[in-house]
Amino acid sequence: MAAGRKVQDEAYLWPCNVQAWGVWCAVQSQWRAGMAGREGLDYAGVRACMDESGLCGDERRSIFTAIQAAEHASLEAWAEQRRLQAWAEQRRLQAENNKQ
């Protein structure tokens, strides 16, 4: 590995998930964010992306379901990260207070 280059993990997709992955990557600019971070996808933007991709019928419904599953998993992971960060900050403050 060359100095300064980051090694990326490889991901393998089942062929049936390739199109859903492509849409998922395309809608990453459609996150709604609030004070606590990302809150969910803007479904109007997701629909527009699927319209532009020419998706319709059962295929469209299937991909939308996959997008929602990925959205839910992402939101859960980010919530867990926030909980861990809050816990670490609480521990840091407790340790700082114990030194005084």
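This is a predicted model: local features need pLDDT of at least 70, side-chain atom pairs count only at pLDDT 80 or more; totals for chains, interfaces and linings use all residues.
1. **The buried side of α1.** Helix α1 covers residues 18-26. Its buried residues are Ala 20, Val 23 and Trp 24. Viewed along the axis of α1, these buried residues fall within an arc of 105°, so they line one face of the helix.

2. Val 18 belongs to helix α1. Val 18 has a relative accessible area of 46%, so this residue is partly exposed. Together with Leu 13 and Trp 21, Val 18 forms a nonpolar patch on the surface. The accessible area of the three together is about 290 Å².

3. **Aromatic pairs: Trp 24 and Trp 31.** The structure holds three aromatic pairs. In one of them, the ring centres of Trp 24 and Trp 31 lie 5.9 Å apart. Their planes stand at 90°, so the pair is edge-to-face; the cut-off for that is over 60 degrees. Are the two residues buried or exposed? Trp 24 is buried, at 11% relative accessible area. Trp 31 also counts as buried, because its value of 12% is under the 20% limit.

4. **Aromatic pairs: Tyr 43 and Phe 64.** Here the ring centres are 5.2 Å apart and the planes are at 75°, so this pair is edge-to-face. The pair links distant parts of the chain. Tyr 43 is in helix α2 and Phe 64 is in helix α3, 21 residues apart. Tyr 43 is partly exposed, with a relative accessible area of 27%. Phe 64 is buried, at 19% relative accessibility.

5. **An aromatic cluster.** Trp 24 and Trp 31 return here. With Trp 78, they form one aromatic cluster. Trp 24 is also among the buried residues of α1.

6. Ser 74 sits in helix α3. Its relative accessibility is 17%, so Ser 74 counts as buried. What does Ser 74 touch, leaving aside its neighbours within four places in sequence? Its contacts are Trp 24 and Trp 31. Both of those residues belong to the aromatic cluster.

7. Ala 73 and Lys 6 are 67 residues apart in sequence. In space, the two are 25 Å apart, C-alpha to C-alpha.

8. **Arg 60.** Arg 60 is another residue of helix α3. Is this arginine buried or exposed? Arg 60 is buried, with a relative accessible area of 18%. Neighbours within four places in sequence aside, Arg 60 is in contact with Arg 47, Met 50, Asp 51 and Leu 55.

Terms used. Residues are numbered from 1 along each chain as its sequence is written. Side-chain values use heavy atoms; hydrogens and water are left out. Patches are made of residues with over 30% relative accessible area and no salt bridge: like charges are joined within 9 Å, nonpolar side chains (Val, Leu, Ile, Met, Phe, Trp, Tyr) within 5 Å. Accessible areas come from the Shrake-Rupley method with a 1.4 Å probe; for residues, only the protein chains shown count as cover. A salt bridge is a side-chain nitrogen of Lys or Arg within 4 Å of a carboxyl oxygen of Asp or Glu. Helices (H or I, at least four residues) and strands (E, at least two) are DSSP runs, numbered from the N terminus. Buried means under 20% relative accessible area, exposed over 50%, partly exposed in between (1.4 Å probe, protein chains only). The arc is that of the directions from the helix axis to the C-beta atoms. Rings of Phe, Tyr and Trp (its six-membered ring) pair if their centres lie within 6.5 Å; planes under 30 degrees apart count as stacked, over 60 as edge-to-face and the rest as tilted. Contact means heavy atoms within 4.5 Å.
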